[in-house]
Amino acid sequence: MADYEDKNTLEKPYTLFNNETGVSFEIPIIKSTDGPDVLDIRKLHEETGLFSYDPGFTSTASCDSSITYIDGNKGILRHRGYDINDLARKSDFLEVCYLLLHGDLPSPEDRKKFINVITTHTMLHEQLVNLYRGFRRDAHPMAIMVGVVGALSAFYHDSTDFSDLNQRMIACHRLIAKIPTIGAMAYKYSVGQPFVYPKNNLSYAENFLYMTFSVPTDDFNINPKIVKAMDKFFILHADHEQNASTSTVRLAGSSGANPFACIAAGIASLWGPAHGGANEAVIKMLEEIGDVSNIPKFINKAKDKNDPFRLMGFGHRVYKNYDPRAAVMKESAHEVLEVLEVDDPLLKIALELEKIALKDSYFIEKKLYPNVDFYSGFMLKALGFPTSMFTVLFAIGRTVGWISQWKEMIEDPINKIGRPRQLYKGHRSREYQIESSREKKSIFNWLWK
Ligand code: SDX
């Protein structure tokens, strides 16, 4: 990514004009290849003494990237220019991994080599396997994921000098290859079953399902339609521009932290119910609703400004239209339920909830549509995953996006440590006078009980 000289800026820059001092500041505009252009305010503080202010980064581009493009108003999601509907229906997850990492679809030879390098890195160091035994059996699998992925940096010293392209690629391949093994083992540990080692003759999604659901006592056969649905789930979760967890990975990586630690930070951020934890929260919400007759009560709670309740699986910072992934996820969930002949009463509540919400003026005005998390839980539940594993599955799919964005950042010549500023609203300078505080009454009695 070259630094932006005049060749990328539009002719007519914006001008910031201070009416009191008469001082003006010209703001260059950098053109995008698709979507909004940006105001280049990198010199704003130096030339005006001002900071920009944008908590939650609702109008702020934190970086430039060529990996994923989202048009929230039109409900468009593309990876390296390819529409998510085409990738979900015509490609497969490892091909999408190659696309995200390298920028183009692979040649037949590169495809074969890439699949081989991922397949032959799926095992974990045996010492790392012992790490699981330090957790309680009822530990949340996401807590285990954060711990084990972070610990990978302790095992792969030979691939943490990421200034070297070869080691950078080894780290990327290792993370994509090992994350399903780590996730499957987190599940096995939580149910007290023996770990199942990966098998190199299985595809990525099939290997994950094998490591998760097979037991030493029985043969393991799985319907190819279920494997395809799992593979499609990973594609739909692969990358999503500068979301909270990806921004966490980029910020951690900007300090020079090793990629394994950065991905562990991304997993921690994804865990939140406003982000990747929403798929688990959707099922819990539907269980709480319990019956279609209770839907109006919960819709009213979601609309009540004084009630913190939100309709989980609805709304999105960027999509102000239907999340294109949700449509594919809904179709996939129905297919899996049909193949497995599962009749999930919660699905009936979800379909009715979606129908009512999409007609409600509150959701229409605020452009709140179902997002990718609204339907994913049904498929995962039907496959036999406990709700506590849902965000783990999101993390398995998203790891390639995180590591591709990390790699793009590391290779960006204008990359520098991320260091946001603030709008300071605290005390101005005051003199240290301990006597005056001695007369004070404690305000923390509630704390010291
Ligand atoms: C993911 O960023 C990504 O790309 C994320 C993701 C990815 O692939 O990485 O797509 C994955 O995280 C999807 C989102 C999963 N989260 C949920 O489903 C949780 C429920 N959704 C909300 O928490 C919320 O919609 C967010 C967090 C997703 C988005 O919040 P924003 O953009 O900060 O929007 P907001 O909170 O400013 O809401 C705008 C208005 C508010 O009302 P007002 O203050 O304007 O009166 O809409 C309301 C909100 O109260 N609102 C909701 C709502 N979501 C927003 N009201 C009820 N139910 C909801 N779900």
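About 50 Å³ of space lies in the largest cavity of this predicted model. It is also the one cavity of 30 Å³ or more that the structure holds. The residues that line the largest cavity are Met123, Leu124, Val129, Thr181, Met185, Phe195, Val196, Tyr197 and Pro198. Sorted by class, this lining has eight nonpolar residues, one polar residue and no charged residues.

**Asparagine 207**

One of the lining residues, Pro198, is also in contact with asparagine 207. Asparagine 207 belongs to helix α8, which covers residues 204-213. Its relative accessible area is 4%, so asparagine 207 counts as buried. With neighbours within four places in sequence left aside, the contacts of asparagine 207 are Thr122, Pro198, Lys199 and Leu202.

**The ligand site**

There are 24 residues around the ligand, and those that come nearest are His240, His316, Arg317, Arg325 and Arg398. Two of these have a listed side-chain distance to a ligand oxygen: an N or O atom of the histidine 316 side chain is 2.6 Å from an oxygen atom of the ligand, and an N or O atom of the arginine 398 side chain is 2.7 Å from an oxygen atom of the ligand. Tyrosine 362 faces a nitrogen atom of the ligand instead, with a polar side-chain atom 3.0 Å from that nitrogen.

**Two non-glycine residues with positive phi**

Glutamate 241 is not a glycine, yet its phi is positive, at about 60 degrees. The residue sits in the loop between α9 (224-236) and α10. Glutamate 241 counts as partly exposed because its relative accessibility is 27%. Lysine 367 is likewise not a glycine and has a positive phi, of about 55 degrees. Its place is in the loop between α16 (361-365) and α17 (372-383). With 41% relative accessibility, lysine 367 is partly exposed.

Serine 254 is part of helix α10, residues 244-254. A relative accessible area of 12% makes serine 254 buried, since buried means under 20%. A polar atom of the serine 254 side chain lies 2.7 Å from the backbone oxygen of leucine 251. When residues up to four places away in sequence are not counted, serine 254 touches Met409, Asn415, Lys416, Ile417 and Gly418.

Threonine 21 also has a side-chain atom placed by the backbone, here a polar atom 3.1 Å from the backbone nitrogen of valine 23. Threonine 21 lies in the loop between β1 (14-17) and β2 (24-27). Its relative accessible area is 52%, and threonine 21 is therefore exposed, as exposed means over 50%.

**Pairs separated in sequence**

| Pair | Apart in sequence | C-alpha to C-alpha |
|---|---|---|
| Histidine 140 and serine 388 | 248 residues | 6.5 Å |
| Serine 163 and threonine 391 | 228 residues | 31 Å |
| Isoleucine 283 and valine 342 | 59 residues | 16 Å |

Histidine 140 is found in the loop between α5 (126-131) and α6. Its relative accessible area is 21%, so histidine 140 is partly exposed. Apart from neighbours within four places in sequence, histidine 140 is in contact with Trp271, Glu280 and Ser388. With glutamate 280 there is a polar contact between the two side chains, at 3.3 Å.

Serine 163 occupies the loop between α6 (141-151) and α7 (165-191). With a relative accessible area of 60%, serine 163 is exposed.

Isoleucine 283 is in helix α12, residues 278-289. Isoleucine 283 is buried because its relative accessible area is 0%. Setting aside neighbours within four places in sequence, isoleucine 283 is in contact with Leu346, Gly377, Phe378, Lys381, Thr387 and Phe390.

Terms used
Residues are numbered from 1 along each chain as its sequence is written. This is a predicted model: local features need pLDDT of at least 70, side-chain atom pairs count only at pLDDT 80 or more; totals for chains, interfaces and linings use all residues. Side-chain values use heavy atoms; hydrogens and water are left out. On a 1 Å grid over the protein atoms alone, a cavity is a set of points where a 1.4 Å probe fits but cannot get out, and a pocket is an open set with protein on both sides within 12 Å along at least five of seven lines; lining residues have an atom within 4 Å of a point. Grid points are joined across faces, edges and corners, and a volume is the space filled by probe spheres set on the points. Ala, Val, Leu, Ile, Met, Phe, Trp, Tyr, Cys and Pro count as nonpolar, Asp, Glu, Lys and Arg as charged, and the others, Gly among them, as polar. Helices (H or I, at least four residues) and strands (E, at least two) are DSSP runs, numbered from the N terminus. Buried means under 20% relative accessible area, exposed over 50%, partly exposed in between (1.4 Å probe, protein chains only). Contact means heavy atoms within 4.5 Å. A residue is near a molecule or strand if one of its heavy atoms lies within 4 Å of it. A polar contact is a pair of N or O atoms within 3.5 Å; within protein, one must be able to donate a hydrogen and the other to accept it, and residues adjacent in sequence count only if both atoms are side-chain atoms.
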